[in-house]
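User: I have a structure open and want to work through it. Can we take it step by step?

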Protein chains: 2
Amino acid sequence: MKDTSVFLRACRQEQTEYTPVWLMRQAGRFLKEYRSLRRRYSFLTLCKTPELAAEVTLLPIERLKVDAAIIFADILLPLEPMGIDLEFTKGDGPVIHNPPRSRAEVEGLKAIKAEEGLRFVMEAIRMVCRELKGEIPLIGFSGAPFTLASYLIEGRGTRDFTLTKTLMYQDAACWHLLMEKLSEVVITYLNAQVRAGAQAVQVFDSWAGALSPRDYEEFVLPHNRRVFQELTSDVPAIHFATGTSGLLELMEEAGGDVIGIDWRIDLGEAWRRLGYKVGIQGNLDPAALLGLPERIERCAKEILDAAGGRPGHIFNLGHGVLPQTPQGNVIAMVEAVHHLSRK
Amino acid sequence: MKDTSVFLRACRQEQTEYTPVWLMRQAGRFLKEYRSLRRRYSFLTLCKTPELAAEVTLLPIERLKVDAAIIFADILLPLEPMGIDLEFTKGDGPVIHNPPRSRAEVEGLKAIKAEEGLRFVMEAIRMVCRELKGEIPLIGFSGAPFTLASYLIEGRGTRDFTLTKTLMYQDAACWHLLMEKLSEVVITYLNAQVRAGAQAVQVFDSWAGALSPRDYEEFVLPHNRRVFQELTSDVPAIHFATGTSGLLELMEEAGGDVIGIDWRIDLGEAWRRLGYKVGIQGNLDPAALLGLPERIERCAKEILDAAGGRPGHIFNLGHGVLPQTPQGNVIAMVEAVHHLSRK
């Protein structure tokens, strides 16, 4: 496997015949088959039933011809065994009914052990790996401590992160305690996924771009560094966030074999700033897939040109595929990347 | 005036005795007196009654000791005389009941003349200038064409800008027609504000950071350049947006005497990248004002240090002051900036 998969070789900055491509949220709402499953099962039922999660994970492999699968799950699932009461309301928006906002509540959060409370994810990973027979690699993933902390504290999605930042600024000790607890969960969870068969992992620090470089350095970087240091070292790790043009060097310092970026910065410029010491993943605007196929092909070419054919580029969107995306446009994108990048 | 105001001299990159400071949304919800006015009047009534708008504009001058006033208004007001049915729903969230989404609807948007439909803004400006007696400068402002277009098309605030980008990508001619019409309105509106007495203007392209550098260059930059070229040239213009670490050089190319940035990039780094050819405004995270006063002073010092005492820095937040901000913290910030920067 290590020697043959285009995706894994690109993660290691090895030369490949073409640029591998996958999409964040490729196993989600934009797929007709997914929507039809969602009419029969709730979002959490899909996540917690290994047969269903495995089925959803495999959908895009055949339909889209992407170069990697990513396990179907939600970044907030590891919060449940910590003692968090999590609900996915209509439209799949997460709500946390008992957000910890005091020192005592943070102290009360439980640690997790190996597969405890998340066995269904590992079972789904084992099922997917059996199906994929080593032909297509499977990516495991977790939210990063900051991104998990922000959902935890806000209790839902947020634009301003005011409760999160207020805790940070007013009680740094409590903040760091929360981040330590979350880091331990993230490490345990990701290493369990690797043991179950995941051949790469992605750490989603989706909202880290809400922070100033100084705040990132003080409140986030040490915890992310620990996460990457304590990951099982024989699988590549992708470190992803959005809105990080001001944080790139700090993200690289925190760790990861590949840095995932969004469309708000030129990919060539971002990779240059990282000194090509790591691979780079990205960075088509998901909204570009709402445009016309000719335009999608042109945009894909611009990104491939920005990467300059250098080994270590994994093509992806800059964030998750939008639910209203026409499936044909995704297929056109994947084909364009494969075709245009072939040596 | 030109020779004495700290704020205007800093806009022109002239040496000042201390670093001037004002806050976006300084005349808004975080002020007790503002909230008490809002209990008696609707948001639009406050905007459209010159006596009230003038009163609100002047509130922060005395309370906060800031170095500039900014006229109290909303960036969406110029849309009304274009034929747009605008409502501010509870929580002051704007909703547009007739968002133009087709070529015919875009063609149907009206141009505005001088003060037509916006006379109340000019009247408020004249009243404020009489009160300020030239001692404190008054900033006029407008949304930039892209930011106005995104509200227009989405019909409300948005995270993804999917309808906006879909129009851009699917019908570029219609997009550019809309941007031309909006540019004309912005130019007319800002020049009328200057004639009424505004001594500087700020162009809010608040959401331009949602675009990739290439999309900004193709769909926004030419229109912003025209706006800055056609502004009355004898007042300084501030060009502000958020999330623009990937767009700074393009923003500078579009125009403005001062570039306004948010906290997601180090101010020193941003100014260096701009080659010090323009002034710089920013860039404290508004959430920092929810922390403790000692920390606010430290953060203010870090930003002043990043600016390095170079003439042309205007201290501000990276976006509007948050409604829940304690007034005492704002006063502490203004005092810290004045005290720490004094030569």
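User: Start with B:Tyr169. In which helix of chain B is B:Tyr169 found?

Analyst: Keep in mind that this is a predicted model. Within it, B:Tyr169 is found in helix α8 of chain B.

User: Is B:Tyr169 buried or exposed?

Analyst: A residue counts as buried if 20 or more other C-beta atoms lie within 10 Å of its own. B:Tyr169 has 21 other C-beta atoms within 10 Å, so the residue is buried.

User: How far apart in space are B:Tyr169 and B:Phe219, C-alpha to C-alpha?

Analyst: In sequence, B:Tyr169 and B:Phe219 are 50 residues apart. In space, C-alpha to C-alpha, the distance is 9.5 Å.

User: Leaving aside neighbours within four places in sequence, which residues is B:Tyr169 in contact with?

Analyst: Neighbours within four places in sequence are set aside here. The partners then carry the chain letter A: A:Ala288, A:Leu290, A:Gly291, A:Leu292 and A:Arg295.

User: Then look at the contact as a whole. How many residues does it take from each chain, and which element gives the largest share of chain B's side?

Analyst: The contact takes 28 residues from chain A and 27 residues from chain B. On chain B's side, the elements giving two or more residues are α8 (162-170), α10 (213-219) and α14 (293-307). The largest share is five residues, and it comes from α8(B).

User: How do the residues on that side of chain B divide by type?

Analyst: The side in question is the one that touches chain A. Its residues divide into eight charged, nine polar and 10 nonpolar.

User: Now strand β6 of chain B. Which residues point each way?

Analyst: In a regular strand the side chains alternate between the two faces of the sheet. In strand β6 (residues 237-240) of chain B, the residues that point in either direction are all buried. One way point B:Ala237 and B:His239; the other way, B:Ile238 and B:Phe240.

User: What stands opposite B:Ile238 in β7(B)?

Analyst: β6(B) has parallel pairing with strand β5 (residues 200-204) of chain B, over four bridges. There, B:Val203 has B:His239 as its bridge partner in β6(B). β6(B) also pairs in the parallel sense with strand β7 (residues 258-260) of chain B, over three bridges. In β7(B), the residue opposite B:Ile238 is B:Val258.

User: Turn to the sheet in chain A. Which strands stand at the edges?

Analyst: Seven strands form an open sheet with parallel pairing, in the order β1-β4-β5-β6-β7-β8-β9 (chain A). An edge strand has a single partner strand, so one side is left without a neighbour in the sheet. The edge strands of chain A are β1 (69-70) and β9 (313-317).

User: What is the bridge partner of A:Leu284 in β9(A)?

Analyst: Strand β8 (residues 279-284) of chain A runs parallel to β9(A), and five bridges join them. In β9(A), the partner of A:Leu284 is A:Leu317.

User: Where in chain A is A:Asn283, and is the peptide bond from A:Gly282 to A:Asn283 cis or trans?

Analyst: A:Asn283 lies in strand β8 of chain A. Most residues other than glycine have a negative phi, and most peptide bonds are trans. The bond from A:Gly282 to A:Asn283 has omega near -5 degrees, and is cis.

User: Where is A:Tyr276, and what is its phi?

Analyst: A:Tyr276 sits in the loop between α13 (267-273) and β8 of chain A. A:Tyr276 counts as partly exposed, because it has 13 C-beta neighbours inside 10 Å. Its phi is positive, in a residue other than glycine, and is near 55 degrees.

User: Last one. What radius of gyration does chain A have?

Analyst: Buried residues make up 52% of the 343 residues in chain A. With 343 residues, a compact globule would have a radius of gyration near 20 Å. The value for chain A agrees with that: 19 Å.

Definitions and conventions:
Residues are numbered from 1 along each chain as its sequence is written. Chains are lettered from A and ligands numbered from 1 in the order in which they are written. This is a predicted model: local features need pLDDT of at least 70, side-chain atom pairs count only at pLDDT 80 or more; totals for chains, interfaces and linings use all residues. Two residues are in contact if their C-beta atoms, placed from the backbone, lie within 7 Å. Ala, Val, Leu, Ile, Met, Phe, Trp, Tyr, Cys and Pro count as nonpolar, Asp, Glu, Lys and Arg as charged, and the others, Gly among them, as polar. The radius of gyration is taken over C-alpha atoms; the globule rule is 2.2 Å times the number of residues to the power 0.38. A residue is buried if 20 or more other C-beta atoms lie within 10 Å of its own, exposed if 12 or fewer, and partly exposed in between; C-beta atoms are placed from the backbone. Two strands pair if DSSP finds at least two bridges between them.
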